[in-house]
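Work through the exercises below with the sequence and the model at hand. Each task is followed by a stepwise solution.

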Amino acid sequence: MLGSRHTKDTHVPRGTNPATGRRTTGDAKADTAKLGRDFGWIAALGVVLVIAGVVGLCYVGLATLTTMILFGWLLLIGGVIGLLHAVQARGTHFFWLGVVVAALNIAAGVVVLKTPEAGAEALTMFAALLFLTGGLFRLVGSLVVRGPQFGWTLLQGAFDLLLGILVLATWPSSSKYVIGTFFSLALLFDGLGLIATGFGGRRIVGLVSEKLTESHRPPGGKSGHGTEPVQPE
């Protein structure tokens, strides 16, 4: 008898009502509160990125130098990690390819860290060539295909082509502000996106919390009973 009674017992998860098997109101509110705090941290990170982007736009030269130093460290750390992976994969056909790629990343990282100004000039030249080729391909493609997005594609191609020409026309002096401007704008727009996500998420969590409160509110108003008290005659 005792053994059969123990076999019929079921495990009730923590935070659930044993009678209904559903999570209690307090646990649901705790979960929504935690989710709201998480969205709050996302919005706070967005504010930090927006501030960094605005500061970078105000000091584009410093932003360019900072970007190149970060880029150099990323190349150096990536090369070291790639070299470690290549050593772990020794004996395979990709060993020497991994060693060569890792060595190139390490060498490029060292060069960028030693001469960030020269690295900014080279990266600016590369970005200008990308704008030129991308704008040219978009212009030719939009004129040949003439799809439903013909106008937007043509405008984007013309903008990219004009931007590439302007950067090349003022190179290498343009290398002092182009990279920093692009990096600061990326921080600014990413921050605005995170702020929108954080505030939108908190608003949705607030609506869900209100729905949970209303669904668990007993019928009959504030008194908590289904019928109002009868006044004595």
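**Exercise 1: the nonpolar patch**

H3 gives the largest share of the nonpolar patch, 6 residues. This is a predicted model, in which local features need pLDDT of at least 70, side-chain atom pairs count only at pLDDT 80 or more, and totals for chains, interfaces and linings use all residues. Residues are numbered from 1 along each chain as its sequence is written, and side-chain values use heavy atoms, without hydrogens and water.

Task: state which helices each supply at least two residues of the nonpolar patch.

Solution. 
1. Helices are DSSP runs (H or I, at least four residues), numbered from the N terminus.
2. The patch covers about 930 Å², and its members include Val-47, Tyr-59 and Trp-73.
3. Helix H2 (25-58) and helix H3 (60-88) each supply at least two of its residues.

**Exercise 2: two accessibility classes**

Task: decide whether Thr-67 counts as buried or exposed.

Solution. 
1. Buried means under 20% relative accessible area, exposed over 50%, and partly exposed in between (1.4 Å probe, protein chains only).
2. Thr-67 is placed in helix H3 and counts as buried because its relative accessibility is 10%.
3. For Val-55, in helix H2, the value is 44%, so Val-55 counts as partly exposed.

How values were computed
Patches are made of residues with over 30% relative accessible area and no salt bridge: like charges are joined within 9 Å, nonpolar side chains (Val, Leu, Ile, Met, Phe, Trp, Tyr) within 5 Å. Accessible areas come from the Shrake-Rupley method with a 1.4 Å probe; for residues, only the protein chains shown count as cover. A salt bridge is a side-chain nitrogen of Lys or Arg within 4 Å of a carboxyl oxygen of Asp or Glu.
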